[in-house]
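Me: I've got a model open here and would like to talk it through. Can we start with the strand pairing?

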Amino acid sequence: MVKACNMDLLVVILVSVSWSFCRGQASEKKQLRIDGDFIVGALFPIHDCRNGQINEQDGIQILEAAVFALGEVNNELKPKGLTLGLIARDSCYDTSIASEHALEYAQRRINSNPFRFENGQNNIIGVIGPPRSKETVNVALLLTFSKFPR
């Protein structure tokens with residue numbers, strides 16, 4: 001379970017490590033990961049690739065809301081012995097970066113049973129984001145082929 005005091009720390013970590021995405025190093029796969037029995041992928045524009053500015057409203061606040069909601073869902077799932085996790089990545093307001101992350105999520109889903117814990121990895125059951133239509137259209141098209149809920 002993610003507590004409120006840990007949420008800010010998790011967000012700061014994602015902001016600091018995701019800077020490399022905006023500098024063309026998306027292959028390093030820096031991400032915010034919260035483990036769970038089932039995983040939701042997320043694409044949020046933490047940084048703007050054009051100027052390197054942190055996107056407080058469109059990126060940080062959405063990420064904070066997602067982490068908070070995840071904690072609330074996990075409080076409800078706790079009596080059932082289940083947890084929901086999150087893998088959040090920085091889409092940088094860039095279609096190619098968002099698409100690359102979407103392909104990685106899709107590949108992970110295609111290579112394993114969608115609803116089972118296999119090979120030490122929990123599978124991604126859905127993806128949220130990115131928030132802008134420009135990136136969302138491409139991401140949705142890529143995820144359609146792997147039958148992702150989005």
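Reply: β2 and β3 pair in the parallel sense, over seven bridges. Pairing here takes at least two DSSP bridges between the strands, and helices (H or I, at least four residues) and strands (E, at least two) are DSSP runs numbered from the N terminus. It's a predicted model, so local features need pLDDT of at least 70 and side-chain atom pairs count only at pLDDT 80 or more, while totals for chains, interfaces and linings use all residues. Residues are numbered from 1 along each chain as its sequence is written, and side-chain values use heavy atoms, with hydrogens and water left out.

Me: Which residue is the bridge partner of V40 in β3?

Reply: L86. The chain gets from β2 to β3 through α2, and that β-α-β crossover is right-handed (with the strands pointing away from the viewer, the path from the first strand over the helix to the second runs clockwise).

Me: And how do β1 and β3 pair?

Reply: Antiparallel, over three bridges. I34 stands opposite L86 there.

Me: Why is β3 largely enclosed?

Reply: Because seven of its seven residues are buried, meaning under 20% relative accessible area with a 1.4 Å probe, protein chains only. L84, L86, A88 and D90 point one way from β3, and G85, I87 and R89 point the other way. In a regular strand the side chains alternate between the two faces of the sheet.

Me: OK, cores. Which residues have the most contacts inside the largest nonpolar one?

Reply: L32, F44, L63, V67, L86 and A88, in a core of 14 residues. By nonpolar core I mean buried Ala, Val, Leu, Ile, Met, Phe, Trp, Tyr and Cys residues joined through side-chain atoms within 4.5 Å. β1 (32-34), β2 (38-44), α2 (56-77) and β3 (84-90) each give two or more residues to this core, and α2 has the largest share, with five. Another core lies apart from it, with 11 residues, including I87, A102, Y105 and A106.

Me: Switching topic: what is the mean pLDDT of the chain?

Reply: 76, with 70% of residues at 70 or more; pLDDT is the predictor's confidence in each residue, from 0 to 100. Over residues 12-21 the pLDDT is below 50, and that stretch has 25 contacts beyond near neighbours in sequence (heavy atoms within 4.5 Å).

Me: Last one, what order do the elements run in?

Reply: From the N terminus, α-β-β-α-β-α-β-β-β-α, which covers four helices and six strands.

Technical notes:
Buried < 20%, exposed > 50% of the residue type's maximum accessible area, 1.4 Å probe, protein only.
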